[in-house]
Amino acid sequence: MKSFVNLLISIVIAVWVIAIALISVQNATPVSLRFLIFQSIQIPFGLVLAFCVAVGLIGVAILQPFWELGASKSSVDEEAEFFLDDEDF
């Protein structure tokens, strides 16, 4: 099962790399990002897309242990309540 998950992750990353390559070839014009009063320098759209994907992958990798920690704690509590109800009757 773990090898299937690794294969699926590899396929998703490969599709993203192919999509970034195609988009960057077709859209070579530079763009600049604006947020409120801030503005970035002009860089190619493919590079912006690759940077956003990389930040997203790193962000999920950093936040994933916190999600697992909260999910495991709540599922144990729910199972404990379920078994306590069965013992009372």
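## Surface and burial

The accessible surface of the protein chain comes to about 7,900 Å², and 73% of it belongs to carbon and sulfur atoms (Shrake-Rupley method, 1.4 Å probe; for residues, only the protein chains shown count as cover). Of the 89 residues, 6% count as buried (under 20% relative accessible area; exposed is over 50% and partly exposed in between, with a 1.4 Å probe and protein chains only).

## Model and confidence

This is a predicted model, in which local features need pLDDT of at least 70, side-chain atom pairs count only at pLDDT 80 or more, and totals for chains, interfaces and linings use all residues. Residues are numbered from 1 along each chain as its sequence is written, and side-chain values use heavy atoms, with hydrogens and water left out.

The chain averages a pLDDT of 77, and 76% of the residues score at least 70 (pLDDT is the predictor's confidence in each residue, from 0 to 100).

## Fold

The protein chain has 2 helices and 4 strands (DSSP runs numbered from the N terminus: helices are H or I of at least four residues, strands E of at least two). Along the sequence they follow the pattern α-β-β-β-β-α.

## Largest pocket

The largest pocket has a volume of about 200 Å³. On a 1 Å grid over the protein atoms alone, a pocket is an open set of points with protein on both sides within 12 Å along at least five of seven lines, and lining residues have an atom within 4 Å of a point. Grid points are joined across faces, edges and corners, and the volume is the space filled by probe spheres set on the points.

The lining consists of I9, V12, I13, L57, V60, A61 and Q64. Helix 1 (2-26) and helix 2 (45-88) are the elements that give two or more residues to this lining, and helix 2 supplies the largest share, 4 residues. By class, the lining has 6 nonpolar, 1 polar and no charged residues (Ala, Val, Leu, Ile, Met, Phe, Trp, Tyr, Cys and Pro are nonpolar; Asp, Glu, Lys and Arg charged; the others, Gly among them, polar).

## I43 and T29

I43 is found in strand 4 (residues 43-44) and counts as partly exposed because its relative accessibility is 23%. Not counting residues up to four places away in sequence, I43 touches T29, P30, V31 and V48 (contact means heavy atoms within 4.5 Å). The C-alpha atoms of I43 and V31 are separated by 5.5 Å.

T29 lies in the loop between helix 1 and strand 1 (30-31). With 54% relative accessibility, T29 counts as exposed.

Conventions: 1 Å grid on protein atoms, 1.4 Å probe; cavity = no way out; pocket = protein on both sides within 12 Å on 5 of 7 lines; lining within 4 Å.
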